[in-house]
Amino acid sequence: MTAPPPVPKPMPEPTPVTAPFWDALREHRIRIQYSPSAGRYVFYPRLLAPGTLADDLEWREISGRGVLYTFTVAARPTAPPWSDALPQQLAVVEWDEGPRFSTELTNVHPAQLRVGLRVRPVFCDYPEHGVTLLRYEPDPESA
Amino acid sequence: MTGLRGEAAIVGYVERAPTRNPSRPQRFSIEQWAQLAAEALADAGIGARRVNGIVTNPIGESDRFASATLAEYLGIPINFGEVVDLGGATAAGMVWRAAAAVELGLCDVVLAMLPGSRDYPRSARRPAADRGWYGASSNIYGSPQAEFEIPYGNLGQNAPYAQIARRYAAEFGYNARATAKVAADQRSNANATPHAVFHATPLTIDDVLASPMVADPIHMLEMVMSCHGGAGVVIASGDVAARARHRPIWVKGFGERIAFKTPTYAEDLLRSPIAEAAEAAFGSAGLSRSDIDMASIYDCYTITVVMSLEDAGFCEKGGGMSFVASHDLTYRGDFPLNTSGGQLSFGQAGIAGGMHHVCDAVRQLTGRAGAAQVRDCNTAFVSGNGGIMSEQVALILQGA
């Protein structure tokens with residue numbers, strides 16, 4: 001029997017610039033920014049393109065599939081709200097389109113994890129917060 | 001020619017013995033600042049009235065106007081006031097900024113103190129501000145970390161450093177006994193340093209590997225332990241240094257590189273910013289890696305040391321594990337490293353932990369390291385590391 005966490009998990013609060021990303025997640029789609037002049041995708045959402053400061057960022061939908069760039073299995077909570085969520089499987093996913101995304105892994109045993117593993121999105125709805133978080137699981141189509 | 005001329009010197013230092021629990025009366029950060037400054041000036045043999053420069057990190061009692069607050073509190077008007085906000089690289093960043101200000105002729109005696117205890121007097125009327133558990137992450141609305149990292153529990157330091165180590169393992173291989181040896185060798189150095197927090201406690205590689213796994217692959221004894229303490233240095237011009245009490249330690253070279261905030265967005269997680277910083281430091285000093293008699297490398301985790309040695313050019317990329325495994329890193333060894341224990345075994349007094357590496361070098365270069373003294377020690381390499389290997393500073397210090 002685990003005691004309830006003393007503090008709730010912090011939830012993201014969209015900003016005027018980042019709202020399209022969160023709006024798409026609520027529809028279980030992934031839209032990120034692309035800079036035509038730089039010829040590359042951008043994450044996280046910004047007002048101007050990083051590196052060039054070009055004012056040409058546009059939203060494009062991506063599949064959200066990618067590979068595990070790195071991960072760790074945390075046996076101790078990274079902060080009090082996750083004391084009921086051990087072990088935490090904290091990961092960085094590299095999307096096929098290039099940018100990296102900080103996330104958690106789900107539906108996977110720690111022993112299965114390895115850098116380079118193909119992963120696919122898992123949309124986790126929190127209607128009480130009006131937000132959807134994007135977690136990841138192994139991609140069976142790549143097995 | 002860029003960089004420093006090497007005409008400013010560290011002429012005095014102070015480093016309090018770290019303690020796991022508060023061992024002194026509660027003092028505000030400006031009070032600690034004043035005490036540290038007085039002790040460092042006494043070490044240098046220089047009167048407070050000679051001071052005309054202050055370099056600091058943000059202070060505890062005011063979120064703005066740190067330089068003016070300190071100048072007023074100390075009663076020392078200054079020609080140069082600078083606030084440095086580089087996490088664990090703050091100390092090294094303070095040293096080169098002070099040296100640069102001296103070489104520009106702005107000032108000739110600069111105080112660079114880092115109070116190392118948050119055990120402040122507590123108000124009976126106002127509750128202490130909640131420092132929260134966000135670590136190096138910001139949970140302020142609009143912060144990228146608040147929106148894209150913290151909701152998944154990706155915060156603090158342990159997990160991000162473990163992600164770096166995990167990626168390292170995939171790209172270059174991992175030798176857990178090698179990373180553990182960094183902690184064990186540094187403990188040997190602490191065992192020869194009376195004011196180290198772990199002075200009396202030996203540590204073997206097997207002890208490290210038997211300690212709990214906190215964030216795979218990082219064990220508990222490969223992580224720094226937070227302490228109370230404080231440290232600082234006095235940086236002065238050549239004229240002042242000529243009359244100071246101890247051998248002047250010249251700031252011969254420096255480099256600084258700030259690349260990202262959160263490792264998720266590092267262009268290459270395994271090529272740390274110390275590479276550019278060290279290249280600039282050695283280039284401007286006109287010295288090479290083989291000129292270094294001791295290295296004091298920021299050691300929040302053992303993986304930080306391994307990667308910093310590689311990226312600073314002391315061994316090839318990917319060769320750090322075999323480098324630490326095949327060299328004796330103790331003060332009597334062939335590559336003296338963190339010779340008073342490093343933060344892992346000397347203790348990490350908060351933000352003053354970065355200053356430990358400067359003080360470690362100053363003790364060696366002035367021949368004041370006692371039982372841990374490295375013979376014929378004249379040139380030192382010091383690194384600072386802030387955030388998650390995201391902001392790094394290199395210094396080359398030399399006794400003449």
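Let's start with chain A. The C-alpha centres of its domain 1 and domain 2 lie 21 Å apart. The assignment puts domain 1 of chain A at residues 14-62 and domain 2 at 63-143. Keep in mind that this is a predicted model.

How many residues does each domain of chain A give to the contact? Domain 1 gives 11 residues, and domain 2 gives 12. Look at the domain 1 side. Three elements each supply at least two residues there: helix H1 (19-26), strand S1 (30-35) and strand S2 (40-42) of chain A. By class, that side of domain 1 of chain A has eight nonpolar residues, one polar and two charged.

Next, the contact between the two chains. Chain B puts in 29 residues, and chain A puts in 29 residues. On the chain B side, the elements giving two or more residues are helix H4 (144-148), helix H5 (158-172) and strand S5 (213-215) of chain B. Which element gives the largest share of that side? That is H5(B), with seven residues. Sorted by class, the chain B side has 16 nonpolar, eight polar and five charged residues.

Now chain B as a whole. Its secondary structure comes to 13 helices and 11 strands. Along the principal axes, the C-alpha trace of chain B spans about 55 × 55 × 45 Å. Is chain B compact or extended for its length? Take the radius of gyration. A compact globule of 400 residues would have one near 21 Å, and chain B has 20 Å, so the two agree. Burial comes next. Of the 400 residues in chain B, 60% are buried. Then the contacts. Take those in chain B between residues at least 6 apart in sequence: 78% of them join residues at least 24 apart.

Let's turn to the sheet in chain B. Find it in the structure and follow along. It is an open sheet of nine strands, with mixed pairing. The order is S3-S2-S4-S7-S1-S8-S11-S10-S9. Which strands sit at the edges? They are strand S3 (80-83) and strand S9 (294-296) of chain B, and each pairs on one side only. On average, neighbouring strands of this sheet are turned by 25° against each other, direction ignored.

We'll walk through some of the pairs. Strand S4 (residues 109-116) of chain B and strand S7 (residues 229-237) of chain B are antiparallel, with eight bridges. There, Gly116(B) has Gly229(B) in S7(B) as its bridge partner. A helix belongs to this part of the picture too. Helix H1 (residues 29-44) of chain B lies across S1, S4 and S7 of chain B, and runs at about 120° to S1(B).

On to strand S8 (residues 249-258) of chain B. Eight of its 10 residues are buried, so the strand is mostly covered. Strand S1 (residues 8-15) of chain B joins S8(B) through two bridges, and the two run antiparallel. One pair to look for is Ile10(B) with Ile249(B). S8(B) also joins strand S11 (residues 391-399) of chain B, through nine bridges, again antiparallel. Ile258(B) is the bridge partner of Glu391(B) there. Gly255(B) stands opposite Ala394(B) in S11(B).

Let's stay on S11(B). Why call it largely enclosed by the rest of the structure? Because nine of its nine residues are buried. Now the side chains. In a regular strand they alternate between the two faces of the sheet. In S11(B), Glu391(B), Val393(B), Leu395(B), Leu397(B) and Gly399(B) point one way. Gln392(B), Ala394(B), Ile396(B) and Gln398(B) point the other way. All of these residues are buried.

One last pair. Strand S10 (residues 379-386) of chain B is joined to S11(B) by eight bridges, and these two run antiparallel. Asn385(B) stands opposite Gln392(B) in S11(B). S10(B) and S11(B) form a hairpin, with four residues between them. Where is the positive phi in this turn? Look at Gly387(B), where phi is about 60°.

To recap, S11(B) has nine bridges to S8(B) and eight to S10(B).

Key. Residues are numbered from 1 along each chain as its sequence is written. Chains are lettered from A and ligands numbered from 1 in the order in which they are written. This is a predicted model: local features need pLDDT of at least 70, side-chain atom pairs count only at pLDDT 80 or more; totals for chains, interfaces and linings use all residues. A residue is buried if 20 or more other C-beta atoms lie within 10 Å of its own, exposed if 12 or fewer, and partly exposed in between; C-beta atoms are placed from the backbone. Two strands pair if DSSP finds at least two bridges between them. Domain bounds come from an automatic or database domain assignment. Two residues are in contact if their C-beta atoms, placed from the backbone, lie within 7 Å. Ala, Val, Leu, Ile, Met, Phe, Trp, Tyr, Cys and Pro count as nonpolar, Asp, Glu, Lys and Arg as charged, and the others, Gly among them, as polar. The radius of gyration is taken over C-alpha atoms; the globule rule is 2.2 Å times the number of residues to the power 0.38. Axes are lines fitted to C-alpha atoms, for helices over the stretch in contact, and angles run from 0 to 180 degrees between N-to-C directions.
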